[in-house]
Amino acid sequence: MGNPNNTALSTSKQSKPENTTHLGVAAGDILSMMDRYQFSDEMRTIIKQEGLLPAGVLSRLQVNYPQHSGLMEDKPFLFEVGSHYAGLSGFRKVCEILKNNGIELTKIKERELYIKVYRFLATSHSLNIINWDNYETDSVYQLVLPQPGMIDPVATQAYVDAKTKVEQDEIVAEYSEKTNPHDGNQQLNKPWFENDKGEVEFLDGSQHKYPQCQLVFDTSTQNCFSFCTYCFRHAQVRGDEDMFLQKDITQLHNYLKKHKEVTDILITGGDAGFMPANRFEQYITPIIEDPELTHIRTIRLGSRALTFQPEMILTQKFDKMLELYDLLYKNGIQMAWMAHFSTPRELLNPRTIAAIRRLKAHGVIVRSQSPIMNHISLFTDKNGKVDIDKSAQNWIDLANILAMLGLGFHSMYAARPTGEHHYFAAPMADIERVFSKIYNSLASINRPSRHISMTISAGKIAILGTSIINGEKCFALQFTEARNMEWMNRVFHAKYDEQKNKIDFLLPFDTEKYFFEDELKEIEANLTKALQERLA
Ligand code: SF4
């Protein structure tokens with residue numbers, strides 16, 4: 001690879017030619033990269049015209065992070081570019097392709113049980129960025145492919161031993177019931193308002209738990225590009241009957257007109273990257289034009305497209321969406337693309353880098369928020385203990401790469417108690433050690449914008465660190481979001497514990513109960529009562 005004389009694709013039309021003598025990635029390498037990633041002619045034209053892959057950026061990333069980078073790899077991809085693999089048949093096809101390439105996955109029945117309970121979906125991009133030479137410890141492999149040990153061993157054994165399909169289906173149905181799809185009492189967050197006729201209207205696809213931010217689960221976003229094995233929204237993507245689904249956009253605007261405290265709309269799913277431009281336009285046009293909606297200042301889109309299908313952004317079809325982002329920017333509304341990167345590998349490929357640069361060129365603020373998950377972004381040593389240094393280094397490198405690409409590091413959070421929590425969770429004490437190391441190792445500008453948190457019904461509780469009170473070690477905690485925002489003003493303490501892996505398992509340090517517990521019960525009881533009355 002390498003042709004330092006060819007700079008055509010590495011410079012935008014306006015910029016001066018780059019001095020390429022110091023570069024680890026030369027312009028010729030970029031051409032080879034685009035060949036390997038099978039960029040279409042359309043993508044190449046967009047990249048060239050808009051200067052989306054400057055050699056200087058790729059080079060600096062490559063030189064600093066060769067251990068994570070897929071930029072200069074040259075092995076042909078195993079999966080046909082542009083393909084999707086869905087459900088059991090898709091998984092079997094993936095296994096077949098791997099087998100034809102000398103990679104044989106084991107414990108197929110166990111993996112298939114996982115797929116029946118949850119789902120399987122993978123884009124060729126996700127599968128091709130896996131390092132198949134060392135796949136078992138590859139983070140994206142753990143993120144996208146079901147693994148033995150994810151499902152409870154008793155249920156797994158029963159499934160493996162089942163003699164008939166009927167028996168298997170019963171085990172799947174029974175297990176699916178127990179997967180706790182709506183942790184944190186989410187049904188209580190369903191907002192309602194009195195319409196002009198004095199009737200109560202519920203927003204079926206929305207949650208309003210914290211004053212400033214309104215979540216919207218739009219009907220067009222209930223899908224994902226690939227399916228994450230730890231998904232804490234599996235009710236949404238599995239299509240459970242009690243999923244949140246917003247069909248009526250006007251209803252949302254009517255609600256917002258009565259709720260001036262809301263400044264941010266967070267469109268999520270599934271994946272907000274699925275929303276067609278014309279539907280997005282219906283959301284934003286009244287927000288731009290209606291004087292009663294000027295209190296809305298930020299539109300957030302929660303999407304993993306930059307990890308799973310970044311090429312979507314590198315098409316002319318996406319131009320209409322970019323025009324809408326321009327429009328928001330021109331009207332003083334922040335357009336925030338909330339990405340979910342948890343490993344450097346997800347970023348260090350030419351598709352994702354070009355897609356990020358394209359979004360940013362249209363005024364989009366790209367920020368990353370992601371969970372710290374065992375096997376993916378948290379690692380154990382050979383004795384099963386959390387490897388603090390290795391785990392922290394993953395996030396330190398990630399944070400610095402985000403900064404080099406001009407992305408904000410929004411937040412990290414601990415695994416929510418839903419799905420196969422046991423597989424991905426780690427003791428809060430270890431999470432705190434990893435987080436402290438990350439925080440202390442980063443320049444302040446590159447740190448996550450708040451301490452690592454965990455969502456429970458009361459709100460998001462951050463672990464600030466450990467403290468010693470009267471000679472006894474304890475955790476210092478603080479809400480970063482809360483059902484009562486005044487709770488955020490208070491630091492409180494929990495008994496130190498080396499093993500507990502959920503914040504709500506931690507016991508209060510020097511009191512019988514936490515300061516917010518009584519009030520939380522009251523708030524939840526009132527919300528339940530109001531919900532029941534309005535449903536009656
Ligand atoms: S992108 Fe989000 S909603 Fe979709 S599978 Fe992953 S975690 Fe679940």
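Two residues are in contact if their C-beta atoms, placed from the backbone, lie within 7 Å. Helices (H or I, at least four residues) and strands (E, at least two) are DSSP runs, numbered from the N terminus. The structure is a predicted model, in which local features need pLDDT of at least 70 and side-chain atom pairs count only at pLDDT 80 or more, while totals for chains, interfaces and linings use all residues. Residues are numbered from 1 along each chain as its sequence is written.

**Exercise 1. Determine which residues of helix α2 are buried and what they pack against.**

Step 1. A residue is buried if 20 or more other C-beta atoms lie within 10 Å of its own, exposed if 12 or fewer, and partly exposed in between, with C-beta atoms placed from the backbone.
Step 2. Helix α2 spans residues 41-50, and Met43, Ile46 and Ile47 are its buried residues.
Step 3. These residues lie on the same side of α2 because they cover an arc of only 95 degrees around the axis, the arc being that of the directions from the helix axis to the C-beta atoms.
Step 4. Asp41 and Gln49, on the other side of α2, are exposed.
Step 5. The packing partner of the buried residues of α2 is α15 (350-360).
Step 6. Glycine 51 follows α2 and has a positive phi, near 60 degrees.

**Exercise 2. Describe the largest nonpolar core and locate it relative to domains 1 and 2.**

Step 1. A nonpolar core is a set of buried Ala, Val, Leu, Ile, Met, Phe, Trp, Tyr and Cys residues joined through C-beta atoms within 7 Å.
Step 2. The largest such core has 139 residues, and Ile30, Leu58, Trp337, Ile372, Ile431 and Ile452 have the most contacts inside it.
Step 3. Helix α16 (residues 388-404) gives the most to this core, with six residues.
Step 4. The core lies between domain 1 (8-64) and domain 2 (84-172) because both give residues to it; the domain bounds come from an automatic or database domain assignment.
Step 5. Beyond four places in sequence, isoleucine 372 touches residues including Met412, Ile431 and Ile452.
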